[in-house]
Amino acid sequence: MLFLANVLINMYVKFNLLTDAHNVFEKMPLRNVVSWTTMIAAYSKSKQQQKALELLVSMLREGVRPNVYTYSSVLRSCKEMSDVRMLHCGIIKDGLESDVFVRSALIDVFAKLGEPEDALSVFDEMITGDAIVWNSIIGGFAQNSKNDEAMKLFKRMKRAGFTAEQATLTSVLRACTGLTLLELGMQAHVHIVKYDQDLILNNALVDMYCKCGSLEDARRVFSGMKERDVITWSTMISGLAQNGYSQEALKLFESMKASGTKPNYITIVGVLFACSHAGLLEDGWYYFRSMKKLYGIDPVREHYGCMIDLLGKAGKLDDAVKLLNEMEWEPDAVTWRTLLGACRVQGNMVLAEYVAKKIIELDPDDSGTYTVLSNIYANSQKWESVEEIRTQMRDRGIKKEPGCSWIEVNKKIHAFIIGDESHPLILEVNKKLNQLIDRMVGIGYVPETNFVLQDLEGEQMEDSLRHHSEKLALAFGLITLPVGKVIRIRKNLRICGDCHVFFKLASKLEKRSVVIRDPIRYHHFEDGKCSCGDYW
């Protein structure tokens, strides 16, 4: 009778008839661990976490001990760390902490709730002989943007003799993407070849190559894919837009529609991003106004943000403010920052002051906005207001974030910060940079010192203009990378106007391709030109 009742519950669960399953369960005179676990797993899978936990408590009160499947099922649906801690105690009490499925579930839930260090503690409690747990811990760190740790764990896994599986490689690619480690990403690509035409891995590859600024590789993977889904198309469209190839992104969007793939809201974000980064105002308005009618997609914050950016850069600040006020929700700090960027481009100091104060209300610790506001007052020679802003920053312990640039050479990351003399080749770097500047001055280059005052990076002393962090990284790349190798630099803050001019000239003088990724977009410098068309 018990066996038949369990089969009946399982049947109802598989047909997603939870009410019927629960009715049978409640009427059972005798219930064993299978009965309880079937219902707990069903409620966990249907995201009814509270119900699953209540059943687990009732199960324990009736004296039925959970098994590994009970715990692994309920763990994955937890949303509160307190519940996870309670379950972890129960797992240890029942002596199930060494089970691979339980450990994997614990690692997954700790990572999901933003506690990767706790996940690592569970992982390190004993030596594992199962790839499932390795996949969980590497994925957990990559998921929490702990990309360095994810890569270290991957190396540990390889040294331990485990073969990289699809789940592992997907996480490794995510980590390479976050760190913009193209060389390591290409190494992962070699492992992926054996998973012939795997859609998930190919999508991750396209994303990695786009975000590392290697569009040729991204196009090659994309073109060779036999199967594409909405993620594939959206990733490639956004990648092209971020790298300054807006027209190509819009053409690809037309190809996507022709293929019969229906766009989602992320696709439209990529399309609007392409419009905003190329100043395509009419196209942007068309896609924004028609997205609901044509594709059934309601605009969200990201869509509004792209349009506000596009309108602001086009000099339509009044329209940008009007659109911001049309939003169904209160603008967040990100939206206000977008408008602040437009004010900076257009030189509208009055509106910029208002917007900056709005940002500070929402995010009192945003050092960048304080710096912008200080520069606004300095431009207007309001020195008392400048001192007031600086006093507020001192009182709140807010420091300007220094400009920092990273460059990958021989699979190692080299970081450069202005004024930091710790790099072992800093003397050679400075010598190379000074030689390059002298050659530029000889053909008419004049540092644009107005960016010293308005520089958002805190690299504001006039002497430091020639030694911004990305210039140091470029000089290092020139003396360490072979001729013909693309120099790829990542920067934590927006590239300033002087550096933009500098890199265009450097690419022509040195006959080198240089890619800079800043928080806003990618700049591909080649033969004296930039992919952004000087519109950023």
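Biologist: What makes the one space of 30 Å³ or more in this structure a cavity rather than a pocket?

Modeller: In this predicted model, a cavity is a set of points where a 1.4 Å probe fits but cannot get out, whereas a pocket is an open set. The structure holds one cavity of 30 Å³ or more, and the space in the largest cavity comes to about 30 Å³.

Biologist: How do you know which residues line the largest cavity?

Modeller: A lining residue must have an atom within 4 Å of a point of the space, and those that line the largest cavity are Ala 415, Phe 416, Ile 417, Asp 420, Ser 422, His 423 and Ile 426. Strand β2, which covers residues 412-417, gives the most to this lining, with three residues.

Biologist: Where does the largest pocket have its lining, and what is its volume?

Modeller: The largest pocket has a volume of about 1,300 Å³, and of the 45 residues that line it, Val 334, Arg 337, Thr 338, Pro 519 and Ile 520 are the closest to its centre. At least two lining residues each come from α17 (265-276), α19 (301-313), α21 (333-346), α23 (367-379) and β3 (487-491), and α21 supplies the largest share, nine residues.

Biologist: Why is His 88 called buried?

Modeller: The relative accessible area of His 88 is 15%, and buried means under 20%, so His 88 is counted as buried. This histidine is found in helix α6, residues 81-93.

Biologist: What makes Leu 106, Phe 110 and Val 122 contacts of His 88?

Modeller: Contact means heavy atoms within 4.5 Å, and, once its neighbours within four places in sequence are left aside, His 88 is in contact with Leu 106, Phe 110 and Val 122.

Biologist: Turning to the whole protein, how many helices and strands are there, and what share of the residues is buried?

Modeller: The protein has 28 helices and six strands, and buried residues make up 51% of its 536 residues. Among contacts between residues at least 6 apart in sequence, 63% join residues at least 24 apart. The C-alpha trace spans about 95 × 55 × 55 Å along its principal axes, and the protein exposes about 25,800 Å², of which carbon and sulfur atoms supply 53%.

Biologist: How many positive and negative charges are there, and how far apart are their mean positions?

Modeller: There are 66 positive and 68 negative charges in the protein, and their mean positions are 4 Å apart.

Conventions:
Residues are numbered from 1 along each chain as its sequence is written. This is a predicted model: local features need pLDDT of at least 70, side-chain atom pairs count only at pLDDT 80 or more; totals for chains, interfaces and linings use all residues. Side-chain values use heavy atoms; hydrogens and water are left out. Helices (H or I, at least four residues) and strands (E, at least two) are DSSP runs, numbered from the N terminus. Buried means under 20% relative accessible area, exposed over 50%, partly exposed in between (1.4 Å probe, protein chains only). Accessible areas come from the Shrake-Rupley method with a 1.4 Å probe; for residues, only the protein chains shown count as cover. Lys and Arg count as positive and Asp and Glu as negative; His and the chain ends are not counted. The place of a charge is taken as NZ of Lys, CZ of Arg, CG of Asp or CD of Glu. On a 1 Å grid over the protein atoms alone, a cavity is a set of points where a 1.4 Å probe fits but cannot get out, and a pocket is an open set with protein on both sides within 12 Å along at least five of seven lines; lining residues have an atom within 4 Å of a point. Grid points are joined across faces, edges and corners, and a volume is the space filled by probe spheres set on the points.
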